[in-house]
Amino acid sequence: MRFHRRLSTVATPLLALALALALALTGCGPAEKPSAETPPAAPEDASLTEAQLAVIDRAELVLTKKCMARHGHPYWVAPSMRADELRAPGYVLDDVGWARRHGYGGRIQQKALATKRHDRNIAYRAGLSGAEARAYVRALSGGPGTPLLTTPLPGGGKVRASNGGCEAEARKRLYGDPSVWFRADKIATNLTPLYVPRLLRDERFTRAQRHWATCMRRAGQSYTDPTAIRSALPRLTQGLDPGRTHTIEVRLAVAEATCARSTGFAETARRLEREHSAPVRARYARDIATRDRLQRAALARAERLLGE
């Protein structure tokens, strides 16, 4: 899974909603069918799929493992998630089949958390002495004085990341110049604050969302918007066993997705996202093109590496 594509600043409720909405508008169609090991080729002018990004991530971990071995440290690569599990439910679901299988992805989240809890790298580091742990971290991500990559975000603020150790070496092998990749990636993936607030106020969006809410009431679910369901889920499932929790998730998610399709809410949201994002994407077209070009090159390198 990709855990490093995120903002380093604290998100306001509106921004958090904006980011979730953007996730949905770019990924709430049918789930990816190809596996993470054999992704389809991406068109030259398209961003990569989550399955393809997962291939790059896995190659990055494999390269990190090889580098750590050269420094005398073990490093374990966790099993890949299935392609169907790489999607996030986003702002509004309209994939009824995915909703029937996964609800809102609660079981997927629990699986990811369990994988993190049982991460052998964390356990290994915890068992090292102070000096050994410092040597391990220095080899992995760099020690004191390691240079930082820094770039301003389109919506304000800056994001920073360490550029040292085996992790940096792995990224350089895949993406090339670290500073070029870091800037292009962070800018291209953080454009939503520049246009989503306007989208959320668009009368066409709010009208479509009201139609969705009406459909939900007719289905016995009184929620004004999809985020209200997400907010209510912890209360609705508190103290319940995993099976019952999943049943409640699925019932709500299927109703949401069914109404999103029947009312055209999801399609309207996608269309408005394209409309509102177009001027912003045009303004940052060079950064987006650089990000996509470097990702396609990284995918080719990753496929070669994993095929060896």
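How many disulfides does the structure hold? The structure holds 2, a disulfide being a pair of cysteine sulfur atoms within 2.5 Å. Before the details, some ground rules. This is a predicted model, in which local features need pLDDT of at least 70 and side-chain atom pairs count only at pLDDT 80 or more, while totals for chains, interfaces and linings use all residues. Residues are numbered from 1 along each chain as its sequence is written, and side-chain values use heavy atoms, with hydrogens and water left out.

Start with the whole. The protein has 14 helices and 2 strands. Helices (H or I, at least four residues) and strands (E, at least two) are DSSP runs, numbered from the N terminus. Of the 308 residues, 46% are buried. Buried means under 20% relative accessible area, exposed over 50%, and partly exposed in between, with a 1.4 Å probe and protein chains only. Contacts here are heavy atoms within 4.5 Å. Among contacts with a separation of 6 or more, 73% join residues 24 or more positions apart.

Now the disulfides. Cys67 pairs with Cys166, with 2.1 Å between the sulfur atoms. The pair links distant parts of the chain: Cys67 sits in helix H2 (residues 50-70), Cys166 in helix H7 (residues 165-175), and 99 residues separate them. The angle about the S-S bond is -70°, and the link is left-handed. Cys67 counts as buried because its relative accessibility is 1%. Cys166 also has 1% relative accessibility, so Cys166 counts as buried.

The other disulfide joins Cys215 and Cys259, again with sulfur atoms 2.1 Å apart. Cys215 lies in helix H10 (residues 203-218) and Cys259 in helix H12, so this pair ties together parts 44 residues apart in sequence. The torsion about the S-S bond is about -80°, so this disulfide is left-handed. Cys215 has 18% relative accessibility and therefore counts as buried. Cys259 has a relative accessible area of 2%, so Cys259 is buried. With the bonded cysteines numbered in sequence order, the pairing reads 1-2, 3-4.

Return to H7, the helix that holds Cys166. Its buried residues are Cys166, Ala168, Ala170, Leu174 and Tyr175. The cover over them includes H2, helix H6 (130-141), helix H8 (178-188) and helix H14 (285-307). Just after H7 comes Gly176, with a positive phi of about 90°.

Next, helix packing. Two packed helices are described by the angle between their axes and the distance between the axes. Axes are lines fitted to C-alpha atoms, for helices over the stretch in contact, and angles run from 0 to 180 degrees between N-to-C directions.

Take H10, the helix of Cys215. The axes of H10 and helix H13 (residues 265-283) come within 9 Å and cross at roughly 165°. H10 is therefore roughly antiparallel to H13. Angles under 35 degrees count as roughly parallel, over 145 as roughly antiparallel, 65 to 115 as roughly perpendicular and the rest as oblique. The crossing is left-handed. That term applies if the near helix is turned anticlockwise from the far one by less than a right angle; clockwise makes a crossing right-handed. From H10, Arg204, Phe205, Ala208, Gln209 and Trp212 take part. They meet Phe265, Thr268, Ala269, Arg271, Leu272, Glu275 and His276 in H13. By class, this contact has 6 nonpolar, 3 polar and 3 charged residues. Ala, Val, Leu, Ile, Met, Phe, Trp, Tyr, Cys and Pro count as nonpolar, Asp, Glu, Lys and Arg as charged, and the others, Gly among them, as polar.

How do H11 and H12 cross? The axes of helix H11 (residues 226-237) and H12 come within 11 Å and cross at roughly 165°. H11 is therefore roughly antiparallel to H12. This crossing is right-handed. Pro226, Ile229, Arg230, Leu233, Leu236 and Thr237 in H11 meet Thr245, Ile248, Glu249, Leu252 and Glu256 in H12. Those residues divide into 6 nonpolar, 2 polar and 3 charged.

With 17% relative accessibility, Thr245 counts as buried. Beyond its neighbours within four places in sequence, Thr245 contacts Thr237 and Leu240.

Finish with Gly106. Its place is in helix H4 (residues 106-117). Gly106 has a relative accessible area of 16%, so Gly106 is buried. From Gly106 to His246 is 140 residues in sequence but 7.3 Å in space, C-alpha to C-alpha.
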